[in-house]
Amino acid sequence: MRLLPLSALSPLELTRALVAFPSITPKDEGCLAFLKDIFQGIGFVTTLLEPTNPDGPWNLCAACGSGEKTLVFLGHTDVVPEGTEPWDAFSPREEDGFLIGRGVADMKGGIAAFVVASARFLQKYPHFSGKIVVLLTGDEEVGTPDGAQALLSWAIPRYGPFTSCLVGEPSSYRLLGDNIALGHRGSLDLHITAHGLQGHAASPERARNPIPLLLRYLDKITQHVWEQDPGDFAASHLEVTSIDVGNPVSNIIPSRAEARANIRFHLQHTSNDIIRQMQTWATEMSPDLIIEFCANGESFLCQDEHMTQALEKAIKSVLNITPQYSTGGGTTDGRFISSHCPAIEFGMVCNTIHHKNERIPVADCERLTQVYEIFLQNFFLES
Ligand SMILES: [Zn+2]
(Lines give C-alpha, C1' and ligand atoms only; values in the text may rest on other atoms or scores of the structure.)
Protein backbone atom coordinates (compact mmCIF):
# COMPACT_ATOMS: atom_id res chain seq x y z
CA MET A 1 0.00 0.00 0.00
CA ARG A 2 1.27 3.47 -0.86
CA LEU A 3 1.33 5.64 2.25
CA LEU A 4 0.23 9.27 2.19
CA PRO A 5 3.11 11.75 2.34
CA LEU A 6 3.08 13.68 5.61
CA SER A 7 3.11 16.94 3.67
CA ALA A 8 -0.37 16.02 2.40
CA LEU A 9 -1.70 16.07 5.95
CA SER A 10 -2.44 19.38 7.60
CA PRO A 11 -4.55 19.29 10.77
CA LEU A 12 -6.25 22.54 9.74
CA GLU A 13 -7.15 21.30 6.26
CA LEU A 14 -8.24 17.94 7.65
CA THR A 15 -10.50 19.64 10.23
CA ARG A 16 -12.05 21.75 7.47
CA ALA A 17 -12.63 18.65 5.33
CA LEU A 18 -14.29 16.80 8.22
CA VAL A 19 -16.55 19.74 9.13
CA ALA A 20 -17.83 19.86 5.55
CA PHE A 21 -19.57 16.49 6.08
CA PRO A 22 -22.97 17.35 7.63
CA SER A 23 -22.83 14.32 9.91
CA ILE A 24 -25.72 15.16 12.23
CA THR A 25 -26.45 12.06 14.35
CA PRO A 26 -27.05 9.39 13.07
CA LYS A 27 -26.18 10.57 9.55
CA ASP A 28 -22.60 10.02 8.45
CA GLU A 29 -22.64 11.41 4.88
CA GLY A 30 -19.36 9.64 4.05
CA CYS A 31 -17.33 11.13 6.92
CA LEU A 32 -16.06 7.84 8.36
CA ALA A 33 -15.30 6.34 4.91
CA PHE A 34 -13.19 9.44 4.22
CA LEU A 35 -11.31 8.91 7.51
CA LYS A 36 -10.92 5.20 6.79
CA ASP A 37 -8.97 6.02 3.59
CA ILE A 38 -6.74 8.47 5.45
CA PHE A 39 -6.00 6.00 8.25
CA GLN A 40 -5.13 3.37 5.64
CA GLY A 41 -2.90 5.91 3.94
CA ILE A 42 -0.85 6.39 7.11
CA GLY A 43 -0.50 2.68 7.82
CA PHE A 44 -3.51 1.65 9.93
CA VAL A 45 -5.63 -1.46 9.37
CA THR A 46 -9.24 -0.28 9.25
CA THR A 47 -12.72 -1.72 9.61
CA LEU A 48 -15.78 0.35 8.77
CA LEU A 49 -18.82 -1.04 10.59
CA GLU A 50 -22.07 -0.47 8.75
CA PRO A 51 -25.28 0.48 10.57
CA THR A 52 -27.20 -2.52 11.86
CA ASN A 53 -30.55 -0.81 11.25
CA PRO A 54 -31.76 1.92 8.82
CA ASP A 55 -31.45 4.70 11.45
CA GLY A 56 -28.28 3.36 13.05
CA PRO A 57 -24.84 5.02 13.06
CA TRP A 58 -21.64 4.04 11.26
CA ASN A 59 -18.60 3.16 13.37
CA LEU A 60 -14.90 2.91 12.47
CA CYS A 61 -11.97 1.03 13.99
CA ALA A 62 -8.39 1.77 12.87
CA ALA A 63 -5.42 -0.02 14.44
CA CYS A 64 -1.67 -0.16 13.99
CA GLY A 65 1.38 -1.63 15.71
CA SER A 66 1.93 -4.73 17.76
CA GLY A 67 2.86 -5.36 21.36
CA GLU A 68 1.04 -5.44 24.66
CA LYS A 69 0.73 -1.77 25.54
CA THR A 70 -2.47 -0.66 23.81
CA LEU A 71 -3.60 2.94 23.67
CA VAL A 72 -7.16 3.64 22.54
CA PHE A 73 -8.16 7.00 21.07
CA LEU A 74 -11.93 7.28 21.44
CA GLY A 75 -13.97 9.85 19.55
CA HIS A 76 -17.07 10.68 17.57
CA THR A 77 -17.69 12.14 14.12
CA ASP A 78 -21.37 12.97 14.64
CA VAL A 79 -22.35 16.54 15.48
CA VAL A 80 -25.42 18.34 16.79
CA PRO A 81 -27.56 20.34 14.29
CA GLU A 82 -27.09 24.07 13.59
CA GLY A 83 -29.58 24.94 16.32
CA THR A 84 -32.53 27.32 16.25
CA GLU A 85 -30.69 30.25 14.67
CA PRO A 86 -29.50 29.78 11.08
CA TRP A 87 -25.76 29.90 10.30
CA ASP A 88 -23.47 28.27 7.78
CA ALA A 89 -22.53 25.34 10.00
CA PHE A 90 -21.04 23.01 7.41
CA SER A 91 -19.04 25.50 5.31
CA PRO A 92 -15.98 26.00 7.54
CA ARG A 93 -14.57 29.54 7.46
CA GLU A 94 -11.74 31.46 9.07
CA GLU A 95 -12.41 34.80 10.72
CA ASP A 96 -10.22 36.87 13.07
CA GLY A 97 -7.90 33.95 13.75
CA PHE A 98 -10.73 31.50 14.45
CA LEU A 99 -11.92 28.47 12.52
CA ILE A 100 -15.73 28.41 12.58
CA GLY A 101 -17.97 25.44 11.81
CA ARG A 102 -20.08 22.79 13.49
CA GLY A 103 -17.82 20.21 15.13
CA VAL A 104 -14.52 22.13 14.99
CA ALA A 105 -14.29 21.72 18.78
CA ASP A 106 -16.74 18.86 19.41
CA MET A 107 -14.83 17.00 18.11
CA LYS A 108 -13.66 16.85 14.51
CA GLY A 109 -10.72 19.17 15.26
CA GLY A 110 -9.53 16.68 17.89
CA ILE A 111 -9.83 13.77 15.47
CA ALA A 112 -7.86 15.63 12.76
CA ALA A 113 -5.15 16.46 15.30
CA PHE A 114 -4.88 12.84 16.41
CA VAL A 115 -4.70 11.54 12.81
CA VAL A 116 -1.81 13.87 11.95
CA ALA A 117 -0.09 13.27 15.30
CA SER A 118 -0.22 9.50 14.69
CA ALA A 119 1.17 9.92 11.17
CA ARG A 120 4.11 11.98 12.47
CA PHE A 121 4.72 9.55 15.34
CA LEU A 122 4.66 6.52 13.00
CA GLN A 123 7.06 8.15 10.62
CA LYS A 124 9.56 8.79 13.43
CA TYR A 125 9.03 5.48 15.24
CA PRO A 126 7.75 2.94 12.69
CA HIS A 127 8.82 0.03 14.93
CA PHE A 128 7.47 1.31 18.25
CA SER A 129 6.35 -1.37 20.67
CA GLY A 130 2.61 -1.28 21.29
CA LYS A 131 -0.70 -0.70 19.56
CA ILE A 132 -2.74 2.38 18.74
CA VAL A 133 -6.44 1.59 18.36
CA VAL A 134 -8.65 4.44 17.13
CA LEU A 135 -12.38 3.96 17.79
CA LEU A 136 -14.68 6.49 16.16
CA THR A 137 -18.45 6.35 16.47
CA GLY A 138 -21.11 8.16 14.47
CA ASP A 139 -23.39 8.40 17.51
CA GLU A 140 -22.20 10.08 20.67
CA GLU A 141 -24.50 13.09 20.75
CA VAL A 142 -27.70 11.00 20.91
CA GLY A 143 -25.96 8.10 22.59
CA THR A 144 -27.89 5.01 21.49
CA PRO A 145 -26.39 1.59 22.32
CA ASP A 146 -25.40 1.31 18.61
CA GLY A 147 -22.68 3.94 19.14
CA ALA A 148 -19.63 3.52 21.39
CA GLN A 149 -21.13 0.57 23.28
CA ALA A 150 -21.56 -1.50 20.10
CA LEU A 151 -18.16 -0.40 18.79
CA LEU A 152 -16.47 -1.46 22.05
CA SER A 153 -18.22 -4.83 22.03
CA TRP A 154 -16.83 -5.35 18.53
CA ALA A 155 -13.31 -4.07 19.22
CA ILE A 156 -12.49 -5.55 22.65
CA PRO A 157 -12.36 -9.22 21.55
CA ARG A 158 -10.27 -8.24 18.49
CA TYR A 159 -7.86 -5.64 19.90
CA GLY A 160 -8.22 -5.82 23.69
CA PRO A 161 -7.29 -5.81 26.46
CA PHE A 162 -6.69 -2.07 26.40
CA THR A 163 -4.04 -0.43 28.59
CA SER A 164 -5.30 3.16 28.56
CA CYS A 165 -7.71 5.40 26.67
CA LEU A 166 -7.49 9.01 25.56
CA VAL A 167 -10.90 10.49 24.75
CA GLY A 168 -10.49 13.40 22.32
CA GLU A 169 -13.45 15.43 23.63
CA PRO A 170 -13.05 19.19 24.04
CA SER A 171 -11.87 19.31 27.66
CA SER A 172 -10.07 22.68 27.62
CA TYR A 173 -12.05 25.54 29.18
CA ARG A 174 -10.66 28.87 27.96
CA LEU A 175 -7.19 28.11 26.58
CA LEU A 176 -6.00 24.94 24.92
CA GLY A 177 -4.35 22.85 27.63
CA ASP A 178 -5.89 24.52 30.68
CA ASN A 179 -7.97 21.50 31.70
CA ILE A 180 -7.87 17.71 31.55
CA ALA A 181 -11.04 15.76 32.42
CA LEU A 182 -9.92 13.02 34.76
CA GLY A 183 -13.35 11.56 35.25
CA HIS A 184 -17.02 12.38 35.44
CA ARG A 185 -19.89 12.03 37.85
CA GLY A 186 -22.53 9.42 37.12
CA SER A 187 -25.91 10.52 35.77
CA LEU A 188 -29.42 9.35 36.67
CA ASP A 189 -32.79 10.70 35.44
CA LEU A 190 -35.95 10.61 37.58
CA HIS A 191 -39.58 10.91 36.50
CA ILE A 192 -41.72 11.37 39.59
CA THR A 193 -45.52 11.07 39.55
CA ALA A 194 -47.70 11.93 42.55
CA HIS A 195 -51.23 10.51 42.27
CA GLY A 196 -54.26 12.12 43.93
CA LEU A 197 -58.04 12.41 43.61
CA GLN A 198 -59.64 15.13 41.50
CA GLY A 199 -62.15 17.41 43.19
CA HIS A 200 -63.47 20.93 43.84
CA ALA A 201 -60.96 23.39 45.24
CA ALA A 202 -63.65 24.47 47.75
CA SER A 203 -64.09 20.92 49.09
CA PRO A 204 -60.60 19.51 49.61
CA GLU A 205 -62.00 16.94 52.10
CA ARG A 206 -63.58 15.13 49.14
CA ALA A 207 -60.35 15.21 47.07
CA ARG A 208 -56.65 14.41 47.49
CA ASN A 209 -54.28 17.03 46.14
CA PRO A 210 -51.07 15.45 44.72
CA ILE A 211 -49.18 18.78 44.51
CA PRO A 212 -48.17 19.16 48.21
CA LEU A 213 -47.02 15.54 48.23
CA LEU A 214 -44.88 16.11 45.13
CA LEU A 215 -43.39 19.27 46.63
CA ARG A 216 -42.59 17.50 49.92
CA TYR A 217 -40.75 14.78 48.01
CA LEU A 218 -38.86 17.27 45.85
CA ASP A 219 -37.88 19.18 48.96
CA LYS A 220 -36.54 15.97 50.51
CA ILE A 221 -34.39 14.99 47.53
CA THR A 222 -33.08 18.50 46.82
CA GLN A 223 -32.10 19.15 50.46
CA HIS A 224 -30.22 15.88 50.94
CA VAL A 225 -26.44 16.15 51.21
CA TRP A 226 -25.11 13.08 49.42
CA GLU A 227 -21.56 13.16 50.77
CA GLN A 228 -20.01 14.98 53.70
CA ASP A 229 -16.61 15.26 52.10
CA PRO A 230 -16.42 14.96 48.31
CA GLY A 231 -12.63 15.51 48.39
CA ASP A 232 -11.18 16.45 45.01
CA PHE A 233 -14.06 14.89 43.09
CA ALA A 234 -17.06 17.04 42.07
CA ALA A 235 -19.87 16.81 44.66
CA SER A 236 -23.19 15.14 43.83
CA HIS A 237 -25.85 17.53 42.60
CA LEU A 238 -29.55 17.09 41.94
CA GLU A 239 -31.45 19.46 39.68
CA VAL A 240 -35.26 19.50 39.32
CA THR A 241 -35.77 20.17 35.61
CA SER A 242 -39.57 20.19 35.25
CA ILE A 243 -42.78 20.30 37.30
CA ASP A 244 -45.98 19.59 35.35
CA VAL A 245 -49.61 19.52 36.43
CA GLY A 246 -51.27 20.62 33.18
CA ASN A 247 -54.22 22.16 35.02
CA PRO A 248 -55.44 25.39 33.34
CA VAL A 249 -58.03 26.29 36.01
CA SER A 250 -57.88 27.24 39.67
CA ASN A 251 -61.10 25.63 40.97
CA ILE A 252 -60.18 21.99 40.29
CA ILE A 253 -57.78 19.94 42.40
CA PRO A 254 -55.86 17.85 39.83
CA SER A 255 -55.52 14.08 39.97
CA ARG A 256 -51.79 13.96 39.29
CA ALA A 257 -48.63 16.03 39.39
CA GLU A 258 -45.35 15.11 37.76
CA ALA A 259 -41.75 16.23 38.00
CA ARG A 260 -38.46 15.43 36.31
CA ALA A 261 -35.01 15.64 37.82
CA ASN A 262 -31.44 14.62 37.09
CA ILE A 263 -28.75 13.78 39.61
CA ARG A 264 -25.01 13.82 38.86
CA PHE A 265 -23.47 11.60 41.49
CA HIS A 266 -20.08 11.29 43.14
CA LEU A 267 -17.65 8.36 42.94
CA GLN A 268 -18.85 7.20 46.39
CA HIS A 269 -22.23 6.15 44.91
CA THR A 270 -23.62 3.87 42.24
CA SER A 271 -26.88 4.46 40.39
CA ASN A 272 -28.33 1.42 42.22
CA ASP A 273 -27.56 2.91 45.68
CA ILE A 274 -29.21 6.17 44.70
CA ILE A 275 -32.27 4.48 43.24
CA ARG A 276 -32.65 2.43 46.43
CA GLN A 277 -32.44 5.54 48.65
CA MET A 278 -34.86 7.59 46.53
CA GLN A 279 -37.29 4.69 46.44
CA THR A 280 -37.12 4.26 50.24
CA TRP A 281 -37.99 7.94 50.82
CA ALA A 282 -40.92 7.65 48.39
CA THR A 283 -42.27 4.52 50.05
CA GLU A 284 -41.97 6.13 53.52
CA MET A 285 -43.80 9.23 52.33
CA SER A 286 -46.76 7.81 50.41
CA PRO A 287 -47.88 4.91 48.22
CA ASP A 288 -49.14 7.62 45.85
CA LEU A 289 -45.58 8.43 44.74
CA ILE A 290 -44.38 6.47 41.71
CA ILE A 291 -40.85 7.02 40.40
CA GLU A 292 -39.27 5.84 37.18
CA PHE A 293 -35.48 5.90 36.95
CA CYS A 294 -33.14 5.93 33.97
CA ALA A 295 -29.42 5.43 34.67
CA ASN A 296 -27.23 7.12 32.03
CA GLY A 297 -23.84 6.09 33.35
CA GLU A 298 -21.75 5.47 36.46
CA SER A 299 -19.10 7.83 37.79
CA PHE A 300 -15.42 7.17 37.03
CA LEU A 301 -11.98 8.51 37.85
CA CYS A 302 -8.78 7.84 35.93
CA GLN A 303 -5.97 6.63 38.20
CA ASP A 304 -3.42 5.84 35.48
CA GLU A 305 -0.31 7.78 36.52
CA HIS A 306 1.66 6.84 33.42
CA MET A 307 -0.96 8.16 30.97
CA THR A 308 -1.71 11.25 33.08
CA GLN A 309 1.97 12.16 33.36
CA ALA A 310 2.58 11.51 29.65
CA LEU A 311 -0.21 13.94 28.81
CA GLU A 312 0.62 16.59 31.40
CA LYS A 313 4.28 16.63 30.28
CA ALA A 314 3.21 16.96 26.63
CA ILE A 315 0.91 19.89 27.44
CA LYS A 316 3.60 21.65 29.49
CA SER A 317 6.28 21.24 26.83
CA VAL A 318 4.16 22.27 23.81
CA LEU A 319 1.83 24.87 25.35
CA ASN A 320 3.77 26.02 28.40
CA ILE A 321 0.66 25.61 30.57
CA THR A 322 0.12 23.50 33.68
CA PRO A 323 -3.30 21.90 33.23
CA GLN A 324 -5.83 21.61 36.01
CA TYR A 325 -7.79 18.41 36.49
CA SER A 326 -11.59 18.34 36.58
CA THR A 327 -14.34 15.82 37.18
CA GLY A 328 -17.37 18.06 36.48
CA GLY A 329 -19.20 18.60 33.20
CA GLY A 330 -21.48 16.32 31.22
CA THR A 331 -21.16 12.63 30.45
CA THR A 332 -19.17 11.41 27.44
CA ASP A 333 -18.41 8.05 25.87
CA GLY A 334 -15.55 7.86 28.39
CA ARG A 335 -18.11 6.28 30.75
CA PHE A 336 -18.43 3.20 28.50
CA ILE A 337 -14.72 2.47 28.15
CA SER A 338 -13.84 3.35 31.77
CA SER A 339 -15.03 -0.08 32.94
CA HIS A 340 -12.45 -1.69 30.58
CA CYS A 341 -9.41 0.57 31.07
CA PRO A 342 -8.50 3.95 32.59
CA ALA A 343 -9.82 6.84 30.47
CA ILE A 344 -8.79 10.48 30.38
CA GLU A 345 -10.22 13.30 28.23
CA PHE A 346 -8.22 15.98 26.53
CA GLY A 347 -8.99 18.11 23.49
CA MET A 348 -10.00 21.50 22.08
CA VAL A 349 -11.50 24.48 23.94
CA CYS A 350 -15.14 23.74 24.76
CA ASN A 351 -16.64 27.19 25.36
CA THR A 352 -18.64 27.35 22.10
CA ILE A 353 -19.63 23.70 21.61
CA HIS A 354 -23.27 23.26 20.50
CA HIS A 355 -23.46 27.09 20.05
CA LYS A 356 -24.12 29.05 16.89
CA ASN A 357 -20.70 29.77 15.26
CA GLU A 358 -18.82 27.03 17.14
CA ARG A 359 -15.14 28.02 16.94
CA ILE A 360 -11.54 27.28 17.84
CA PRO A 361 -8.39 29.36 17.36
CA VAL A 362 -6.92 28.36 13.98
CA ALA A 363 -3.53 27.87 15.67
CA ASP A 364 -4.98 25.22 18.01
CA CYS A 365 -5.21 22.72 15.13
CA GLU A 366 -1.41 22.52 14.94
CA ARG A 367 -0.89 23.02 18.69
CA LEU A 368 -3.18 20.14 19.69
CA THR A 369 -1.52 17.95 17.03
CA GLN A 370 1.86 18.61 18.65
CA VAL A 371 0.52 17.82 22.12
CA TYR A 372 -0.93 14.51 20.91
CA GLU A 373 2.32 13.63 19.12
CA ILE A 374 4.50 14.27 22.20
CA PHE A 375 1.91 12.42 24.29
CA LEU A 376 2.28 9.35 22.02
CA GLN A 377 6.06 9.54 22.39
CA ASN A 378 5.84 9.86 26.18
CA PHE A 379 3.22 7.12 26.44
CA PHE A 380 4.98 4.51 24.28
CA LEU A 381 8.68 5.30 24.62
CA GLU A 382 8.91 6.08 28.33
CA SER A 383 8.24 3.52 31.00
ZN1 LIG B 1 -18.35 15.49 21.88
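**Figure 1. Helix α1 and the elements it packs against.** The buried residues of α1 pack against α2 (31-41), β4 (93-95), β5 (98-100), α3 and α9 (363-381). In this predicted model, helix α1 covers residues 11-19, and its buried residues are P11, L12, L14, T15, L18 and V19. They cover an arc of only 165° around the axis, so they sit on the same side of α1.

**Figure 2. The whole protein, for orientation.** Let us step back for a moment before the next close-ups. The protein has 9 helices and 19 strands. Its C-alpha atoms fill a box of roughly 85 × 45 × 40 Å along the principal axes. Of its 383 residues, 52% count as buried. Among contacts with a separation of 6 or more, 81% come from residues 24 or more positions apart.

Figure 3. D106 belongs to helix α3 (residues 104-124), while E169 is in the loop between β7 (164-167) and β8 (179-181); the pair is 63 residues apart and links distant parts of the chain. Are these two residues buried or exposed? D106 counts as buried because its relative accessibility is 6%. E169 is buried as well, with a relative accessible area of 7%.

Figure 4. P210, L213, L214, Y217, L218 and I221 are the buried residues of α5. Seen down the helix axis, they fall within an arc of 130°, and therefore line one face of α5. Packed against these buried residues are β10 (186-195), β12 (237-244), β14 (256-265), α6 (271-285) and β15 (289-297).

Figure 5. S236 is found in the loop between α5 and β12. With a relative accessible area of 14%, S236 is buried. A polar atom of its side chain lies 2.9 Å from the backbone nitrogen of H266. Beyond its neighbours within four places in sequence, S236 is in contact with W226, E227, R264, F265, H266 and H269.

Figure 6. D304 caps the N-terminal end of α7, with a side-chain oxygen 3.2 Å from the backbone nitrogen of H306. From there the helix runs through residues 305-319; these 15 residues reach 21 Å from first C-alpha to last, close to the 21 Å expected at 1.5 Å a residue. Which residues of α7 are buried? They are M307, T308, A310, L311, E312, A314, I315 and L319. The elements that cover them include β3 (70-76), β7, β8, β17 (324-326), β18 (343-345) and α9. At the other end, α7 is followed by N320, which has a positive phi near 60°.

Key
Residues are numbered from 1 along each chain as its sequence is written. This is a predicted model: local features need pLDDT of at least 70, side-chain atom pairs count only at pLDDT 80 or more; totals for chains, interfaces and linings use all residues. Side-chain values use heavy atoms; hydrogens and water are left out. Buried means under 20% relative accessible area, exposed over 50%, partly exposed in between (1.4 Å probe, protein chains only). Helices (H or I, at least four residues) and strands (E, at least two) are DSSP runs, numbered from the N terminus. The arc is that of the directions from the helix axis to the C-beta atoms. Contact means heavy atoms within 4.5 Å. A polar contact is a pair of N or O atoms within 3.5 Å; within protein, one must be able to donate a hydrogen and the other to accept it, and residues adjacent in sequence count only if both atoms are side-chain atoms. The expected span of a helix is 1.5 Å times one less than its number of residues.
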